[in-house]
Amino acid sequence: MHGSQSEPNYLHQISHRRIDPPALHAGMPLEDVLDQVFLSYNAGRLREACQIFTHKMLADDATVGLSLSGALTPAGLGMSCLVPLIEAGFIDWVVSTGANVYHDTHFALGMDLHQGRPGMDDLKLREHQIIRIYDIVFDYENLLGTDRFFRTLCRGEAFQRTFGTAEFHHLAGKYLAAREEEVGRKGRTLLAACYRHAVPVFTSSPGDSSIGMNLAALQLEGGKLAIDPLRDVNQTAAIVWDAKQRGRSGVLILGGGSPKNFVLQTEPQIQEVLGLEESGHDYFLQFTDARPDTGGLSGATPSEAMTWGKVDPEQLPDTVTCYLDSTVALPLLTAYALARRQPRKPRRLMDRLGDLSAAMERAYHARKAEHRPE
């Protein structure tokens with residue numbers, strides 16, 4: 001009856017734990033705070049995300065894909081969080097906006113970005129040739145210098161061919177890794193770290209960034225460098241196909257947008273388009289501030305993704321959406337994972353990308369042969 005005490009057994013069935021956190025004290029480790037004090041609401045979802053990422057997604061048989069949207073690297077999150085995750089073997093492949101890759105390059109070139117304040121006089125900033133990203137400010141020369149770097153680099157003979165974006169970023173990362181060492185900033189740049197650990201970095205919209213703009217200018221000069229986005233579709237699907245043949249696949253989604261779709265559409269590509277038997281990603285963790293009720297992809301839930309075949313319906317308990325700014329969530333997740341999990345051996349998927357693509361292609365042609373009309 002309404003108002004009567006619940007049946008104890010049922011309450012215990014649905015209870016994760018009794019709410020009885022310890023009092024915080026000076027020196028309490030951050031990972032203990034997350035486990036013991038982040039109990040409910042989005043704090044609870046953050047705790048669940050940290051625990052699933054660390055204890056399940058980082059299992060030895062799981063392959064982890066990361067999607068990046070929003071201006072995360074200009075805020076220093078590349079060097080503070082993403083590079084340590086790469087170096088620990090916690091991220092196996094990446095889909096990023098071109099902007100995150102481009103602005104991260106400033107650090108490898110010895111350029112500085114600065115903390116400012118929101119609400120500054122933008123007309124005055126423009127008069128002084130200062131660029132603003134909310135509360136981040138830097139000289140306009142950073143853009144011009146980074147443009148010059150990419151144009152000079154990509155005029156080189158090694159770049160006069162057609163690339164997928166992961167192939168392009170891997171080659172560019174080779175030169176950025178060398179430049180990092182020249183300016184005494186080794187370990188500060190995402191592409192350089194991914195090059196050293198053979199982590200593929202894809203850009204789902206390669207023309208939608210300053211890097212794409214500069215490559216387009218080189219095309220006007222008669223350069224032979226071209227980007228093939230369809231190659232990316234098959235290569236990302238091949239990574240997930242291999243992951244599911246060997247074990248499990250998980251995705252960590254920071255923000256939403258095109259990178260989110262690109263990392264998730266690997267499963268519909270495998271199942272719906274190529275006709276290969278699969279059931280979806282095993283783990284889905286997202287940090288977003290987008291609402292689901294507007295119909296936008298950035299706010300789409302794991303259960304909605306499940307209807308597209310993007311998430312395995314059997315694994316929905318291992319999916320979490322946390323409505324929290326990625327700039328808050330990522331440092332906490334990183335610190336938790338580094339404290340609770342020993343480093344994994346890097347998968348070095350970039351070294352095997354050709355083989356993975358060939359294996360999926362063979363499976364596709366074998367399926368077609370089996371179902372060839374008489």
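Is Glu 181 buried, partly exposed or exposed, and what is its relative accessible area? Select Glu 181: with a relative accessible area of 49%, this residue is partly exposed. Here buried means under 20% relative accessible area, exposed over 50%, and partly exposed in between (1.4 Å probe, protein chains only).

The model is predicted, so local features need pLDDT of at least 70 and side-chain atom pairs count only at pLDDT 80 or more, while totals for chains, interfaces and linings use all residues. Residues are numbered from 1 along each chain as its sequence is written, and side-chain values use heavy atoms, with hydrogens and water left out.

Arg 196 forms a salt bridge with Glu 181, with the closest N and O atoms 3.7 Å apart. The pair links distant parts of the chain, 15 residues apart: Arg 196 lies in helix α9 and Glu 181 in helix α8. Helices (H or I, at least four residues) and strands (E, at least two) are DSSP runs numbered from the N terminus. Arg 196 counts as partly exposed at 23% relative accessibility.

A salt bridge is a side-chain nitrogen of Lys or Arg within 4 Å of a carboxyl oxygen of Asp or Glu. The structure holds 22 of them.

Next, select Asp 112 and Arg 185, whose side chains meet in a salt bridge at 2.9 Å, N to O. Asp 112 is in the loop between α5 (98-108) and β3 (114-115), and Arg 185 is in the loop between α8 (165-182) and α9 (190-196), 73 residues apart.

Finish at Arg 47 and Glu 48, which meet in a salt bridge (3.9 Å, N to O). Arg 47 is buried at 3% relative accessibility, whereas Glu 48 is partly exposed at 25%.
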